[in-house]
Amino acid sequence: MKSTLRNIFHSPRFMVGFIIFMVMVLTVLIYPYFITRDPLVSLGKGFLEPGTYFSIYDANNASTYRMELPEATMNRLETSLPLADRQLILDFLKAKGADLSDLDTSNDKVGELIEAWTANYDEADVKASKYEGFTTQAKRRALARLNTKLSSSASSDVMTITRGDGEEATTSSISDTDYARVDQVANAITLPLGTDNFGRDTLTELVKATGVSLIIGLIAGSIATLLGLLVGLLAGYIGGIVDDILMFIANIFTVIPGFVLLILIYYSVGQESRGVVTCAVVIGLTSWVWTARSVRSQVISLRNRDHVNLSKLSGHSLFRIVTTDILPYIASYVVMAFILQVSSGILAEAQLSLLGLGPKTTDVPTLGLMMNWAKLFGAYTSSNAWWAYFPVILVIALTSFSLNLMNTGLDQVFNPTLRD
Amino acid sequence: MKIDEKTNQAPVDNRESVTFGTDRNKDFSKEPLCLSGKDVTRIFQTGKTTTTAVDHVNFEFHKGELISIVGESGSGKTTLSKMLLGLLEPSSGEIFYRGEPRDISTGAKKRQYWKGIQAIFQDPFSSYNVFHKIDNVLLDCINMRGGRNLSKDEKFAMMTEACSFVNLKFAELTNKYPFELSGGQMQRLMIARIFLLKPEILLADEPTSMIDACSRATILDMLLNLRNETGMTVIFITHDIGLAYYISDSIYIMEHGKFVESGKAEEVILNPKAPYTKRLISDVPKIHEPWDLSTVG
């Protein structure tokens, strides 16, 4: 027993899988102690990109510090000059016949681009329609607007903020050298994975969803393994008519595709009564068949072994023979089957939820529900919000990967012919 | 009694020098019937193919007799032994226990039957549950003989006695797992188990075939000692006709599920009638003589 455990923990595959899995489990357990926020509370509106957000209102009230960063102006330009404007500058320079080598629209070339603009722009020439492609009034005005924008952002000006109204109004001014420290701003939030379509913090939601999905997997896997083990042991050991009846039932479940069965059951249960546990139980009740079949075949090969015969001759009861002479011999196999059942339970929930047949959406998130929301609100298409679905896919893949890796690791330990 | 050296020799040549484990002249047919069978048949069916492993065999085993069932691999010996043990139901025919039709329809009746018949299996390495300490095997026997309420010391004394009968020291074996023992030790412990149980009938299914020649002699010796001590009926299943000749009172020769010849050991071996028996006898390799392979079919 000890040496088996040592072998298991010396198997590199098992250990990699185990570490990935434990990291996920620990994250799920520890994260809520640091971020106590309800994972389903809406923080904003729609998909917000990952990043740190702080209240501009509160930033005004925070103490100000004077700083003069050398690259401040350039940074401002970089963020305020959209790609379309940079392209416009390039087009204009081309029409004027200026030297375009080593100029493009990337961020680090913005400075040179603006320098080239100030050097070449001549308002009178533009008004006289001297440049090809910039002869219409609309185009000429676009150039004039751009010029105004560039010259204004380059100069340092002062912003005035008015509070209150009428006579009571007070004004304060902010210059471009005023800074606030982020942790002094009353309301600031870091969203490492942005928000989903409902404006919920994706990371918090994802951690909670991983936990819920793991629970679904564990419940479904336990039910499937216990049921499969019971059916397999009885069918395999007793044989005869018991075997025929149990295998008939198992065959019915094999013939009907499990997933179709799941969809039908989930649909008939109805969205409102589909809690997490209900979903897990239904998945467990439809996926015991292959465990039962494989346990049965293992038991059949064991039941004629001499040690079982000897146990019978010693007058042991059926229950005792099954639990002491058969079960320990297939225990390693059952553990492996359980790991695969957990993995497939998590995947089944994700598939069903993606189809909109998952647990009810008001209680807790699950990995499948997050995928479903991302799909419904166009995260992969119109919104292009990768943060709302890609981390979810990654977690599903990692869970499945780590569990399967643990399984192959165990297989190598228990099945010496598979060792490299 | 030394058997190991003699099993490899031609039985016919050395018959005067053999020390028999039992009184050869005793007529067991006058003893009460212990186990008998009428048209016992077992058919295995997989899909459309049927295999008749045991085909209408009749036998009469008397109390105290040592019977050998001899046959090559696949002749149905083990299937017959499983039916005798009640681990397998005959497809047709009937087995009589003490002259009455055997009734093992319920668990309790089976347990009662197994108090009277016990077995030693061929492979000692697979006869033990590897997850249990060997003490459990012996404790089960004590419990089965109604010794459940004995004190720990009494149980220990019984186990020690049983082990010393087979030249094992229980104090050295206790708390060990089966895989820590050698094959010979394991098989000796199986005999110790029988010593504790003292059944009426012992079925030994090739108990020495997985054991090296040295341990084999010891084990056979112990088995025969146990038989002499308890007077139990022994059904010895083997493929080794030479060995069967030395130890048995009666021999049943089995070919393709049928008994082709049976009778007292002397008669069967010294005057074989069935061609299969002749072949089995000539197949025994003899020292100082070229091996006659002409009869190998």
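Tutor: Let's start with a rule: two strands pair if DSSP finds at least two bridges between them. Keep in mind that this is a predicted model.

Student: How do you know that β3(A) and β4(A) pair?
Tutor: Strand β3 (residues 158-163) and strand β4 (residues 170-175) of chain A share 6 bridges, in the antiparallel sense. Pairing takes at least two bridges, so they qualify. One of the links joins A:Arg163 to A:Thr170 in β4(A).

Student: And what lies between β3(A) and β4(A)?
Tutor: There are 6 residues between them, and the two strands form a hairpin. In the turn, A:Gly164 has a positive phi of about 70°.

Student: What makes β3(A) hardly covered?
Tutor: A buried residue needs 20 or more other C-beta atoms within 10 Å of its own. Among the 6 residues of β3(A), the count that are buried is 0, so the strand is called hardly covered.

Student: Which residues of chain A make up domain 1 and domain 2?
Tutor: Domain 1 is 2-38 + 198-418, and domain 2 is 72-154. Taken over C-alpha atoms, their centres are 61 Å apart.

Student: How many residues of chain A are in contact with chain B?
Tutor: 13 residues of chain A are in contact with 15 of chain B; the cut-off is C-beta atoms within 7 Å. On the chain A side, α14 (306-313) and α15 (318-354) each supply at least two residues. The largest share, 7 residues, comes from α14(A).

Student: What is that side of chain A made of, by class?
Tutor: The side touching chain B has 3 nonpolar, 6 polar and 4 charged residues.

Key: Residues numbered from 1 in each chain as written. Chains lettered and ligands numbered in written order. Predicted model: local features only at pLDDT ≥ 70, side-chain atom pairs only at ≥ 80, totals over all residues. Domains from an automatic or database assignment. Contact = placed C-beta atoms within 7 Å. Helix = DSSP H or I, 4+ residues; strand = E, 2+ residues; numbered from the N terminus. Nonpolar A, V, L, I, M, F, W, Y, C, P; charged D, E, K, R; others polar. Buried ≥ 20, exposed ≤ 12 C-beta atoms within 10 Å, placed from the backbone.
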